[in-house]
Amino acid sequence: IRVRVRADGYLDGASQEVDLGPSQTSDVLVFRLEPGQPVAGHVVDEGGKPVSDAQVTAYKQREDNNRRGPFAMNVDPEDFDFLGLSAATNQRSTISDSKGQFHIASLEPGRYRFTARHPDLAKSSAKDVEVKAGVPTPDVEIRLDAGGGIAGTVTGLGPRPLADALMAAFCIQAGSMRSSTTDKTGHYRIDGLP
């Protein structure tokens, strides 16, 4: 059995493995947790108004993040978390409140990128945010905009309109995916694209 401990305000400790036989109790397991650094901020739209219900995730930046070229990808696992469920299980993700504010309770020191996603707006990030041990991190502002959109009509053979077709737009460079279905006239529209 692998055992791990999580506590609000603390970094995740190392997990421990225990082998148990029938009716056996393990020895006492000791976990040493280090306090993390809290980070707070707010998500606003292009006019400066608060954006509620945006999923905000902190990503520790690495030195090898300087990917170049036309096929450089900026895809994160949360890009496919359409319901924002990782905010309930992941200590580095949260959902902005009705005032657009967010709070991540515990991060280890380092340089971070904070990325916000909202169903109606284009994904955006605040980059190069330095989190230092024992020093309050200034509020992080993430500004989302409406982005762009595409629209069109899908036809089948004939050329008759094709209803209920799934259309997907995927931007590799921005790590963004949006989808829509066609209406009974075959028309679709996908908004919130970077």
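Which residues touch the most other members of the largest nonpolar core? Keep that in mind as you start the tour.

**Before you click**

This is a predicted model, so local features need pLDDT of at least 70 and side-chain atom pairs count only at pLDDT 80 or more, while totals for chains, interfaces and linings use all residues. Residues are numbered from 1 along each chain as its sequence is written, and side-chain values use heavy atoms, with hydrogens and water left out.

**Stop 1: the whole chain**

Show the cartoon. The protein has one helix and 13 strands. Both are DSSP runs numbered from the N terminus: helices are H or I with at least four residues, strands are E with at least two. From the N terminus on, the order is β-β-β-β-α-β-β-β-β-β-β-β-β-β.

The protein exposes about 12,300 Å², and carbon and sulfur atoms supply 52% of it. Accessible areas come from the Shrake-Rupley method with a 1.4 Å probe; for residues, only the protein chains shown count as cover. Of the 194 residues, 34% count as buried. Buried means under 20% relative accessible area, exposed means over 50%, and partly exposed lies in between (1.4 Å probe, protein chains only).

**Stop 2: the largest core**

Select Val43, Phe102, Leu107, Phe114, Val140, Ile142 and Leu144. Of the 19 residues in the largest nonpolar core, these touch the most other members. A nonpolar core is a set of buried Ala, Val, Leu, Ile, Met, Phe, Trp, Tyr and Cys residues joined through side-chain atoms within 4.5 Å. Colour strand 3 (37-44), strand 4 (55-60), strand 6, strand 7, strand 8 (121-131) and strand 9 (140-143): each supplies at least two residues of this core. Strand 8 gives the most, with four residues.

Click isoleucine 142. Leave out residues up to four places away in sequence, and its contacts include Val43, Val56, Phe102, Phe114 and Ala126. Contact means heavy atoms within 4.5 Å.

A separate core of five residues lies apart from this one; Val154, Tyr188, Ile190 and Leu193 are among them.

**Stop 3: the aromatic rings**

How many aromatic pairs does the structure hold? It holds two. Rings of Phe, Tyr and Trp (its six-membered ring) pair if their centres lie within 6.5 Å; planes under 30 degrees apart count as stacked, over 60 as edge-to-face and the rest as tilted.

Select phenylalanine 102 and phenylalanine 114. This pair is tilted, with 6.4 Å centre to centre and 35 degrees between the planes. Phenylalanine 102 sits in strand 6 (residues 101-107) and phenylalanine 114 in strand 7 (residues 110-118), 12 residues apart. Phenylalanine 102 is buried at 4% relative accessible area. Phenylalanine 114 is buried too, at 0%.

Tyrosine 112 and phenylalanine 114 make a tilted pair, 6.1 Å centre to centre and 40 degrees between the planes. Phe102, Tyr112 and Phe114 form one aromatic cluster.

**Stop 4: glutamine 37**

Move to strand 3, where glutamine 37 lies. Is glutamine 37 buried or exposed? It counts as buried, because its relative accessibility is 15%. A polar atom of its side chain lies 3.3 Å from the backbone oxygen of lysine 132. The backbone nitrogen of glycine 134 lies 3.1 Å from a polar atom of the glutamine 37 side chain.

**Stop 5: strands 11 and 12**

Strand 11 (residues 166-171) and strand 12 pair in the antiparallel sense over six bridges. Strands pair if DSSP finds at least two bridges between them. Select alanine 168: its bridge partner in strand 12 is serine 179.

Show the side chains of strand 12 (residues 176-181). Ser176, Arg178 and Ser180 point to one face and are buried.

**Stop 6: backbone exceptions**

Most residues other than glycine have a negative phi, and most peptide bonds are trans.

- Glycine 158 and proline 159 are joined by a cis peptide bond, with omega about 0 degrees. Proline 159 is in the loop between strand 10 (148-153) and strand 11.
- Serine 23 has a positive phi near 60 degrees. Find serine 23 in the loop between strand 2 (16-17) and strand 3; it is exposed, at 83% relative accessible area.
- Aspartate 128 has a positive phi of about 55 degrees. Aspartate 128 lies in strand 8 and is partly exposed, at 47%.

Definitions and conventions. A polar contact is a pair of N or O atoms within 3.5 Å; within protein, one must be able to donate a hydrogen and the other to accept it, and residues adjacent in sequence count only if both atoms are side-chain atoms.
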